Amino acid sequence: MQSKPARSLLSLCLSLSLAYSSVLPVQAQPMGIPSMGAASGAELSPALERTLGNAIMEQGRRSPEYVSDPDINQYLTDMGRKLAQYGPSMAQPVTVFALRDSSINAFALPGGYIGIHSGLFTASRSESELASVLAHEIAHVSQRHVARGITQSAQSNHLLIAALAGALLGALAGSGDLAMGAAAFGQAAAVDRQLGFSRQAEQEADRVGFEMLLKAGYEPQGMVQMFQRLAAASRLNERATANEYASTHPMSQQRESDISNRVRGLPDSNYQDTSSFWYIRAKLMVLQAGGGQSLRVLEQALQSSNQAQSDLERSAAQYGLAFIAQGRQEYEQARAYLAEARAQGKYQAPELDTLDIRIAIADRDVQGALSLAKQAWQRWPKSQGVALAYVQVLQQLGQNDQAQLFLMDRINQWPDEPQLHQLLAQTYDRLGDGVKARRAMAEYYQLVGALPTAVEQLQQARNLTQDFYQQSELDTQIRQLRERVESERVLLERFRS
């Protein structure tokens, strides 16, 4: 993928991941290599895969294209993990995130990370269509196509991974070289972007992905429909930038025919789209539009009632309008749209309640927001969006003891969600406990891959306490984390020469 002209160095780190998705999986199974066995990926251990993925994500999260919305990323990750449990065993848990980008694209990074462009999500006309693409990407990961791409013997590939390893080694040392190194790697990788997955690799990912889709209960016809949609988009848009996915995953007639044959004879599926699919899709449409003329055009489209749409689609359009109004600080209008979206109680979803709370917070009705948050949490005890909004309300009301207890429970529920640890650190700061605040921030930095910064936070906590037992615990944590940094350094050094 080519970088945008105005992209900053940190943003270029994300272009690394996009270019990486277009190139490395390509070389993972080049034309003429018949073996699809696992042995060819043995050189790249799961530990190193996670190291690479964490480091890329640590920089990529800083890009303005990265979508940090908890509703969106929880929805995608839940879908990914639901699919993955029906596929081949994977060394890493699947983590799916969204990018604000109108191109039709999806890609896999090392370590189980999968990115979905907003353009691909909004182009999907059913939940099963979206799930079919995600299943295909998970299959590329589970079949070790990404790992093989990094460890192929081609000289150009060794140069690419050596450049990446050097940049990541700089990051582990706490230097600022990662941005420059990652940008350079992304530019080098883009040279080979015209290469595509081999036919054999694509067919294997189709087969494995289709089985996941079917066993997870989605509509199998969704994969055929998405193939047709991507192929049509590819024909209408000759330039690769218009449909990156069709460029790096060629939509051949044979692939479509293979899946159509698999679908033929299967019993009809009774799968119904979840409400969340349509609300998340509407939110991504708004985020993708950004502002200006693009947002005005989208607003007009959402306001246009279409009799061909289902009631749920029209409800999602009203939700999108409420989201736009909230962004403009038109809170009464936002509430009116949200009331329409609820359709007199016909539709319920955590996304509706989260937006309701956010509108109340923005309108400085904190007591009203608290009442909404309590009710929403009773309804949606598995929603990260509702939980995070609830914490924000508690913090604004100065109810830091309650916020701390609530966050500790949520961390037990979602131990790998970084934002919870960040909010816990803020709460400890408000309670005057600097040691616990820095320990919580150290956990946050570990989860986002910034290990040197995590060490600094623990060292600061060590300097703030005179308690012998706390100092001993912190000394142990610091030593273990430094050993982890050294272990990752050794892993990366293998690929530098």
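Biologist: Glu488 lies in helix α24, residues 468–493. What makes that stretch a helix?

Modeller: Helices here are DSSP runs of H or I with at least four residues, strands are runs of E with at least two, and both are numbered from the N terminus. On that count the chain has 24 helices and four strands. Keep in mind that this is a predicted model: local features need pLDDT of at least 70 and side-chain atom pairs pLDDT 80 or more, while totals for chains, interfaces and linings use all residues. Numbering starts from 1 along each chain as its sequence is written, and side-chain values use heavy atoms, leaving out hydrogens and water.

Biologist: Why is Glu488 called buried?

Modeller: Buried means under 20% relative accessible area, exposed means over 50%, and partly exposed is in between (1.4 Å probe, protein chains only). Glu488 has 11%, so it counts as buried. Leaving aside neighbours within four places in sequence, Glu488 is in contact (heavy atoms within 4.5 Å) with Thr51, Leu172 and Leu451.

Biologist: And what makes His140 buried?

Modeller: The relative accessibility of His140 is 1%, so it goes in the buried class. This histidine is in helix α5, residues 127–142.

Biologist: How do you know that His140 makes a polar contact with His136?

Modeller: A polar contact is a pair of N or O atoms within 3.5 Å; within protein, one must be able to donate a hydrogen and the other to accept it, and residues adjacent in sequence count only if both atoms are side-chain atoms. The side chains of His140 and His136 come to 3.0 Å, so the pair qualifies.

Biologist: On to the sheet. What is the order of its strands?

Modeller: The sheet is open, with order β1-β2-β4-β3 and mixed pairing. β1 (66–67) and β3 (106–108) are the edge strands, each pairing on one side only. Helix α3 (residues 70–84) packs on the sheet, touching β1, β2 and β4, and its direction makes about 140° with that of β2. That angle, on a scale from 0 to 180 degrees, is between N-to-C directions of lines fitted to C-alpha atoms, for helices over the stretch in contact.

Biologist: How do you know that β2 and β4 pair?

Modeller: Two strands pair if DSSP finds at least two bridges between them. β2 and β4 have five, in the parallel sense, so they pass. Phe97 stands opposite Gly115 in β4. β3 and β4 pair antiparallel over three bridges, and Phe107 also has Gly115 as its bridge partner.

Biologist: Why is β4 called largely enclosed?

Modeller: Five of its five residues are buried, so the rest of the structure largely encloses β4. On one side are Tyr113, Gly115 and His117, on the other Ile114 and Ile116.
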